[in-house]
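Please keep the sequence and the 3D view open side by side as you read.

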Amino acid sequence: MSAATASNAAAVAASSSEGSLLAVIGDEDTVTGFLLAGIGNLDARRKSNFLIVKPDTSRREMEDAFKDFTTREDVAVVLIAQFVANEIRYLVNEYAEPIPAVLEIPSPDHPYDPSADSILNRVKHLLGAGNDGL
Amino acid sequence: MSTTNRLNVVPTVTVLAVVKNRLIGAQRGYKLLKKKADALSLRYRQILKKIVQTKLSMGENMKSASFAWTEAKYVGGDGIKHTVLDSVDGKAEIRVRAYADNVAGVKIPKFNACGSGSLIGASGGGSGETGTTTATTESKSELTGLGRGGKQIQKCKKAYKEALQTLVELASLQTAFLTLDQAIKTTNRRVNALENVVTPRLENTVSYIKGELDELEREEFFRLKKVQAKKKKDAKEREEKEESLSKGEGVVKGEGGSGAGPVGNLIDFANEKDEDLLF
C-alpha cells in the first residue's frame, strides 16, 4: 500500500509541473461559485472537471463523474457536495485512495451533517467520545 | 522442543553464529520500528485535531461563500450564472501543487494551492507560469458582472477562494490522515511480526542449536570416557599378563636355584588327597 501511495504521489508530482486540478461535483450554486474562483478547466477534448447536479441528474451520471474524477491523473482533490455523496455513499465509502483526496463539502440547500461524512466519522471514532462537539 | 516454531537449520557452531546475528538484527529492527510507529502516531494525533478544526472552519467559510454568491445573484440577476459557466475555458486558474512531506521515512503527500489568481493566504500567491491563458480567463471572469453587481461578484470570488484555501488544506490533511493510517497499520504489523513471530522463532532456533551442541558434547565426552575406560582396562589386563608372566619366570628360577622344589613337592604330595583304597 505504501508503495502504491508513493507511486501515486510521484505521479501527481510529475503531473504537477503546472499543478493538479480540483474537481467539483455539486449543485449549481456551489459549482458556479468555485468556477468563479477559477478552478474550471477544459481539456483538449473539452472535458470539464466539474459536474453540476440538478434535480433531474441521474445517479448514474454522478457515479460516472465520481469514478472519472477519482481516476484522472491530473486531479488531486475532488470536492463533492454532501447530498451528492449521500446519493452515491457506497462509492464514496469504498474509495480509500489518498490521492485524489475526496472532500465532502456542505451545499447551501442541504444542511451539513457531520455524522454522514465518512472521513469525519473515522476521525471522531479515533478521537473518542470526548470530542462530540463537532 | 517443538520443531514447528524454529528455523530448519543444521545445528552447527557457524549456523548458531548466523542465527544469533539475525536475532540481534531482529531486535534492533524491532526497536527502530517501535520508534517509527511512535513518531507516526504522534503526527497522526496532531493531524486528527487539525482535521476537526479545519472542518469546522470549512463549514463557516462555505457558509459565507454561499451567502456571497446569493448576494451576487441577487444584484447581478440569474444571468451571471451562465456567464460564469460559459467563461470556463482552457486551463484552470487555481491548481494544487503536490509535494511530499517526510515523517519518519513515510512520504506524506501535501497539497498547496497555487495559481495566478492570487489566493488569500497562499504563500507568495501565483507564480504566473501559465501567462497568456490565465490572463484571458482572468479577464473573462473580471468582466463578469460588468453590467451589474461587479462588486458583489468580486466579493463572492474572494469568499470562494478563501473557502478553497481551507478546502485544499483540509484535503491535504485528509490525505495525510489516510496515508499515515496505512503507514501506521503496516508499521504496527511489522512490529508485531518481529515481536511475536520472528524473534521467538530465532530464539527457539538458538536454544535448539545450543541444545543440540550440548548433546553432541555430552556424547563426545561419554565416548571419550568409554575409550579411556577401555584403554585402562586393556592396560590393566596387559599389566596383569605381564605380571603373571614375570611370576612364572620367577618360579622357574627358584626351582633351579635352591632345590627347595622337591620338598615343596613332598608337601604338596602330603596335602594331596590320596585315592581311597578299596580292599
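## Strand pairing in chain A

In which sense do strand 1 and strand 2 of chain A pair, and over how many bridges? These two strands run parallel to each other, and three bridges link them. Strand 2 itself spans residues 50–52. Please bear in mind throughout that this is a predicted model.

Strand 1 also pairs with strand 3 (residues 75–81) of chain A, again in the parallel sense, this time over five bridges. Here you can look for Leu22(A), which stands opposite Val77(A) in strand 3.

## Cover over strand 1

Where do the side chains of strand 1 go? In a regular strand they alternate between the two faces of the sheet. In strand 1 of chain A, Leu21(A), Ala23(A) and Ile25(A) point one way, while Leu22(A), Val24(A) and Gly26(A) point the other way. Both sets are buried, and the count for the strand, residues 21–26, is six of six.

## Chain A as a whole

Stepping back, chain A contains six helices and four strands. Their order from the N terminus is α-β-α-β-α-β-α-α-β-α. Of the 134 residues in the chain, 53% are buried.

Helix 2 of chain A, residues 28–37, is another mostly covered element, with nine of its 10 residues buried.

Now turn to chain B, where Lys50(B) sits in helix 1 (residues 13–76). Is this lysine buried, exposed or partly exposed? Its relative accessible area is 48%, so Lys50(B) counts as partly exposed. Lys50(B) is 123 residues from Leu173(B) in sequence, yet their C-alpha atoms are 7.6 Å apart in space.

The other stop is a negative surface patch made of Glu237(B), Glu239(B), Glu240(B), Glu242(B) and Glu243(B). One of its members, Glu239(B), belongs to helix 4 of chain B, which covers residues 150–258. Why does Glu239(B) count as exposed? Its relative accessibility is 52%, and exposed means over 50%.

Note on methods. Residues are numbered from 1 along each chain as its sequence is written. Chains are lettered from A and ligands numbered from 1 in the order in which they are written. This is a predicted model: local features need pLDDT of at least 70, side-chain atom pairs count only at pLDDT 80 or more; totals for chains, interfaces and linings use all residues. Side-chain values use heavy atoms; hydrogens and water are left out. Patches are made of residues with over 30% relative accessible area and no salt bridge: like charges are joined within 9 Å, nonpolar side chains (Val, Leu, Ile, Met, Phe, Trp, Tyr) within 5 Å. Accessible areas come from the Shrake-Rupley method with a 1.4 Å probe; for residues, only the protein chains shown count as cover. A salt bridge is a side-chain nitrogen of Lys or Arg within 4 Å of a carboxyl oxygen of Asp or Glu. Lys and Arg count as positive and Asp and Glu as negative; His and the chain ends are not counted. The place of a charge is taken as NZ of Lys, CZ of Arg, CG of Asp or CD of Glu. Buried means under 20% relative accessible area, exposed over 50%, partly exposed in between (1.4 Å probe, protein chains only). Two strands pair if DSSP finds at least two bridges between them.
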